[in-house]
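Start with what lines the open spaces.

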Amino acid sequence: MSIYRKGFGTKTAFLVLTILLLFILPFNIQAKETRGTPQLTSLEAAKMAYQEACKWDSEAVLWYMNPPAVTLDYHWGENDLAWEWIFIFARPQDEQVHYIKIKDSKIISTEEGGEYLKRKSPILPDFPKDRPRISMREAAQVAFSAGAPSWERPSIVYIIENSNKEFQGRPVWFFLFGSKLSTYVIDGITGEFLAQEYFDPETLKKISPEEVKYDFDPDKVAKIKEENFIYDYFEAIDQGDTELYFSMMDKELLGNENMQGMWKATFSSLELIKVVSAYPEEKRKWHNNQPLYRVIVYALSKPGFPYYGWDEGRNTRWISISPEGNSWKITAIATSP
């Protein structure tokens, strides 16, 4: 629809556009800066990595990128965010590749060569050099539409030099969901859904859809729900929902009225708190037969509030949980296992 109509002249249109630019553009430009966490989207991370790769070779081409599954944001499929990224760039003149690792929005390591991957396929003219043409989020939405579970943090890779001969030498996104032991393959240039592949849980060999025994592995689903409970707990804290996070804590941990006041004061002093990753500990480390997780939490304090034991940035806590009905309770939050 044209903004030019009777009584709406050029000067008025220019004024309206100027106002829109003043309000809309600053918001978009500052979106990353006001995020509050040092996470990067797939395109932001690729841009940072490509700038570094060009120092190695100005003809560098993005060949591989991967956010480690445990560092995906809880809402990764919606916001495209991860705390860590791994990149490999290739170049036309030889088989050499360049590795780059990003953590908390900073490049923490670079390395040329290595035995993990070498360029064998030709670099075609339509390959995007600096970033995937289809973002992780866009590819994920295609996978979700094809039946992938949005509540899981899968193994994800954007790759050209892959071992699957059917997709060898073309940019694709692979999503491996452990709850289904199934991969979803999305074209990295067009966003087209290419394939869903299934694997036997015991042999890990590819099987046909007719050989699949269940839609979701009940044991793996239970473990994912267990981990998600911990994410939900810290989400409630971050949102300031005291009633909700109190309800998720064991009565003994929550304590009396004075103890509850301490919990509330501690969490109210935080400007932001988010789970970076959650690792299940070996059963021999559990306490009272309760599942134990090593949880890395990113926290920022409110200016002027007293110190309550949370460092600025990454913190490590060991969280014990106990089943209760169809859910769980947080039974311990410790600074050591």
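By class, the lining of the largest pocket comprises 11 nonpolar, 4 polar and 5 charged residues. Here Ala, Val, Leu, Ile, Met, Phe, Trp, Tyr, Cys and Pro count as nonpolar, Asp, Glu, Lys and Arg as charged, and the others, Gly among them, as polar. This is a predicted model, in which local features need pLDDT of at least 70, side-chain atom pairs count only at pLDDT 80 or more, and totals for chains, interfaces and linings use all residues. Residues are numbered from 1 along each chain as its sequence is written, and side-chain values use heavy atoms, with hydrogens and water left out.

The largest pocket has a volume of about 410 Å³. A pocket is an open set of points on a 1 Å grid over the protein atoms alone, with protein on both sides within 12 Å along at least five of seven lines; a cavity is a set where a 1.4 Å probe fits but cannot get out; lining residues have an atom within 4 Å of a point. Grid points are joined across faces, edges and corners, and a volume is the space filled by probe spheres set on the points. The lining of the largest pocket counts 20 residues, and Glu152, Arg153, Gly178, Ile224 and Glu227 lie nearest the centre. Three elements, β8 (172-177), α5 (218-238) and β12 (270-280), each supply at least two lining residues. The largest share, 6 residues, comes from α5. Helices (H or I, at least four residues) and strands (E, at least two) are DSSP runs, numbered from the N terminus.

Next comes the second largest pocket, with about 320 Å³ of space. It is lined by 16 residues, and Val157, Ser163, Phe174, Leu176 and Thr183 are the closest to its centre. β2 (61-66), β7 (155-159), β8 and β10 (193-199) each give at least two residues to this lining. β7 gives the most, with 4 residues. The classes are 9 nonpolar, 6 polar and 1 charged.

The largest cavity holds about 60 Å³. Its lining is Asp73, Tyr74, Tyr231, Phe234, Glu235, Ile273, Lys274 and Val275. The lining divides into 5 nonpolar, no polar and 3 charged residues.

Now the charges. The structure holds 16 salt bridges, each a side-chain nitrogen of Lys or Arg within 4 Å of a carboxyl oxygen of Asp or Glu. Lys129 pairs with Glu59, the closest N and O atoms being 3.8 Å apart. This pair links distant parts of the chain, 70 residues apart: Lys129 is in the loop between β6 (106-112) and α4 (136-145), Glu59 in the loop between α2 (42-56) and β2. Lys129 counts as partly exposed, at 31% relative accessibility. Buried means under 20% relative accessible area, exposed over 50%, partly exposed in between (1.4 Å probe, protein chains only).

Asp104 bridges to Arg314, with the closest N and O atoms 2.8 Å apart. Asp104 lies in the loop between β5 (97-103) and β6, and Arg314 in strand β14 (residues 313-324), so the pair ties together parts 210 residues apart in sequence. Asp104 counts as buried because its relative accessibility is 17%, while Arg314, at 24%, counts as partly exposed.
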